[in-house]
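Happy to walk through this one with you. Let's take a few labels in turn and ask what stands behind each.

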Amino acid sequence: MKYTYGFLGTGNMGSALAEAVVKKVPSDRIIVTNRTAVKAKTLSRKLKTFTGTNDEAARESSALVLGVKPQMLESVLTPLQGALAENGRPVLVTMAAGVPMSRICELAGGEYPVIRIMPNTPVAAGAGVILAAHNDLVSGDEFEQFLSDFSEAGLLVPMNEEQIDAASVISGCGPAFYYMFMDAMAKAGEQLGLSYETAATLAEATARGSAILAEGSSASLEDLRIAVCSPGGSTIEGVRSFQKDDLDECVRRALKAAYDRTLELANS
């Protein structure tokens, strides 16, 4: 194949993933396309990749990354059935929420190796989470190579396709929830006499440090929380307030609402 990866769609997520992959794969082995050609050309100039048509990418790429919205998949994939058939055995990488791998093969007009991913927005900073599943036509070596090629985007988490919808409620929706919490802390800090900007900086840096400490520690999240709480101190009073308001139940309801909506979209 002329290209290792063809990226169809250079929106925010497609562009972020391409920027990560180009750190592991030679730029002259990547082609990017977009329905607005100028966007593809802008990204291509930045990353020093090739640009072209969807048909060209489908015909000449070992793996095709489908960076298009779920509702656009049919209009994008169906016209490419001939090019994909000529290619022979392209790996189709889909990030369309709620669309199973079987449906991707159906739209592509054949039984193809498919990798289904669900990346979150922090991949743009190289600190994202990418959930990844694959069908039986993807070999172990192909999947390991994929994980390596996309590793600069952040943490890749292999799992069964049946787990992706539930997991994406945490990693995919989670950034919005964390931003809400940090914003709430910043607003509360403002009420205590800080500027919003100072309080937001403290909230962001504290969230980052806490996550780094948790990732590198063998202690449980509960034990890490306890370690911050001195008996009779300030932290424990805040913790008790959260417990009184049933923070666990509030989070459970939010994740359940997001999960239920994910299932609704998948079945619509």
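Helices here are DSSP runs of H or I with at least four residues, numbered from the N terminus. Phe 181 lies in one of them, helix H9. Please keep in mind that this is a predicted model.

Q: Why is Phe 181 called partly exposed?
A: Its relative accessibility is 40%. Buried means under 20% and exposed means over 50%, with partly exposed in between. The value for Phe 181 falls between those cut-offs, so Phe 181 counts as partly exposed.

Q: What makes the nonpolar surface patch, and which elements give two or more residues to it?
A: Phe 181 belongs to it, together with Met 185, Phe 242, Leu 247 and Val 251, and the patch covers about 420 Å². Helix H9 (174-191) and helix H13 (247-266) are the elements that each give two or more residues.

Q: How do you know whether Ala 153 is buried or exposed?
A: Ala 153 has 0% relative accessibility. Buried means under 20%, so Ala 153 counts as buried. Ala 153 sits in the loop between helix H7 (140-149) and strand S8 (154-158).

Q: How far apart are Ala 153 and Lys 23 in sequence and in space?
A: They are 130 residues apart in sequence, while their C-alpha atoms are 9.6 Å apart in space.

Notes:
Residues numbered from 1 in each chain as written. Predicted model: local features only at pLDDT ≥ 70, side-chain atom pairs only at ≥ 80, totals over all residues. Heavy atoms only, no water. Patch = residues over 30% accessible without salt bridge, like charges linked within 9 Å, V, L, I, M, F, W, Y side chains within 5 Å. Areas by Shrake-Rupley, 256 points an atom, 1.4 Å probe, with all protein chains shown as cover. Salt bridge = Lys/Arg side-chain N within 4 Å of Asp/Glu carboxyl O. Buried < 20%, exposed > 50% of the residue type's maximum accessible area, 1.4 Å probe, protein only.
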